[in-house]
Amino acid sequence: MADSPMQINALIVDSTDPERLAAFWSELLGRPVVGRMGPYVWLQRENGLGLGFQRSDKPKSVKNRMHFDVTSPNPSAEQQRVEALGGRRLEEYDAGGFLVMADPEGNEFCIIPEGPFELDDEGRADYLI
């Protein structure tokens, strides 16, 4: 009998204030906070994937090596909602054509359209034009 391949169970984000960061992502994604255990705060699982926030004494200091892409029918309108919740736009990435935002602790994420969009040969997007 062959072993089953591993599956991604949850994404965990280090945070100096996991309650605050969980509240931000809960509001943004419409996934309620459903658990707290030790240094972790968990959002409701969706499609089998968990999202948790782990307390860390070290603040974020460099660009994320992995980031979330979240979809919206209107990425530009979502920018205002992200900013109202305590996030901000990272304009230093504008040349790439993606709407790159940061959560309240500076973790980068992109808001992309729900439908298809084009990328040029350099990987620049066109949906903000």
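Analyst: Here is how a few of the labels come about. The model is predicted, so local features need pLDDT of at least 70 and side-chain atom pairs count only at pLDDT 80 or more, while totals for chains, interfaces and linings use all residues. Residues are numbered from 1 along each chain as its sequence is written, and side-chain values use heavy atoms, with hydrogens and water left out.

User: Why is Gly30 called exposed?

Analyst: Exposed means over 50% relative accessible area, buried under 20%, and partly exposed in between, with a 1.4 Å probe and protein chains only. Gly30 has 58% relative accessibility, so it counts as exposed. Gly30 sits in the loop between helix 1 (18–29) and strand 2 (33–37), and its phi is positive, about 70°. Helices (H or I, at least four residues) and strands (E, at least two) are DSSP runs, numbered from the N terminus.

User: What makes the reach of helix 1 close to the expected one?

Analyst: The expected span is 1.5 Å times one less than the number of residues. Helix 1 has 12 residues, and its first and last C-alpha atoms are 16 Å apart, close to the 16 Å expected. Its buried residues are Pro18, Leu21, Ala22, Phe24, Trp25, Ser26 and Leu28.

User: What makes strand 1 and strand 2 edge strands?

Analyst: Two strands pair if DSSP finds at least two bridges between them. The open sheet has 4 strands in the order 1-4-3-2, with mixed pairing. Strand 1 (10–15) and strand 2 each pair on one side only, which is what the edge label says.

User: How do you know that strand 2 and strand 3 pair?

Analyst: DSSP needs at least two bridges, and strand 2 and strand 3 (residues 40–46) have 4, in the antiparallel sense. Arg36 stands opposite Val41 in strand 3.

User: How do you know that the buried residues of helix 2 are on the same side?

Analyst: Helix 2 (residues 75–84) has Pro75, Gln79 and Val82 buried. The arc is that of the directions from the helix axis to the C-beta atoms. These residues cover an arc of only 70°, so they lie on the same side of helix 2. Exposed Gln80 and Ala84 are on the face turned away from the buried side.

User: What covers the buried residues of helix 2?

Analyst: Contact means heavy atoms within 4.5 Å. The cover includes helix 1, strand 5 (68–72), strand 6 (88–89), strand 7 (99–102) and strand 8 (108–113).
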